[in-house]
Amino acid sequence: MPPAKSRPAALPSNAVPMSQSTTTMSKLMTPDEANVYGNVHGGAILKYIDEAAAVAAWRHARVPKVVTVSLERMDFREPVYIGDILVIKATVRHVGRTSMLVGVRVEAENPTTGEIRHTASCYMTFVALDRNNKPTEVPGVIAQTADDKQKMEKAKRIADIIKASRADPVDKL
């Protein structure tokens with residue numbers, strides 16, 4: 001007798017396509033956001049990442065509030081310069097009962113040449129809140145393309161790592 005195949009967990013009837021949360025935000029980088037070398041401060045970029053990821057989470061959950069829980073591994077690949085157009089792409093890639101893992105890609109576009117550089121990537125976790133500021137359930141997420149499915153599978157692995165790491169929290173300094 002062949003082994004029984006595991007069945008995927010059923011998606012909630014209110015599951016939504018990954019594309020519903022897709023968010024792209026663009027911002028011209030100005031001198032007030034940069035250091036003396038003309039590089040945009042990482043903190044300025046993080047602020048815009050948080051905003052774009054929050055919009056993606058909100059579009060997915062359609063609840064009164066979404067709040068940032070954590071930033072999962074921020075990798076700056078190369079600098080963003082004054083005059084670049086910062087482009088942040090964010091999409092909900094995995095959901096828990098009340099939480100959403102948002103994948104974020106940051107690009108810098110040179111407006112003169114059109115050159116686009118991948119400058120940073122990260123994942124952020126958000127929780128959906130109801131009108132009483134209590135965690136509330138979020139809909140499932142559906143992959144519509146093979147690329148979406150790969151991204152969801154990777155996000156699931158990352159979510160499992162995050163969950164395991166929270167079982168053994170880092171002590172405060």
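Ala, Val, Leu, Ile, Met, Phe, Trp, Tyr, Cys and Pro count here as nonpolar, Asp, Glu, Lys and Arg as charged, and the others, Gly among them, as polar. This is a predicted model, in which local features need pLDDT of at least 70 and side-chain atom pairs count only at pLDDT 80 or more, while totals for chains, interfaces and linings use all residues. Residues are numbered from 1 along each chain as its sequence is written, and side-chain values use heavy atoms, with hydrogens and water left out.

**Exercise 1.** Determine in what order the strands form the sheet, and why one side of β2 and of β3 lacks a neighbour.

Solution. Begin with the order, which is β2-β4-β5-β6-β3 in an open sheet of 5 strands with antiparallel pairing (strands are DSSP runs of E, at least two residues, and helices runs of H or I, at least four, numbered from the N terminus; two strands pair if DSSP finds at least two bridges between them). Next, β2 (23-28) and β3 (65-76) stand at the edges with a single partner strand each, so one side of each has no neighbour in the sheet. Finally, within the sheet, β5 (residues 99-109) and β6 (residues 116-129) pair over 11 bridges in the antiparallel sense, and V104 stands opposite C122 in β6.

**Exercise 2.** Find which residues lie nearest the centre of the largest pocket, and which element gives the most to its lining.

Solution. A pocket is an open set of points on a 1 Å grid over the protein atoms alone, where a 1.4 Å probe fits, with protein on both sides within 12 Å along at least five of seven lines, and lining residues have an atom within 4 Å of a point. The largest pocket holds about 560 Å³ of space (grid points are joined across faces, edges and corners, and the volume is the space filled by probe spheres set on the points). Of the 26 residues in its lining, R93, G103, V104, C122 and Y123 lie nearest the centre. Turning to the elements, α2 gives the most, with 7 residues. By class, the lining residues divide into 8 nonpolar, 9 polar and 9 charged.
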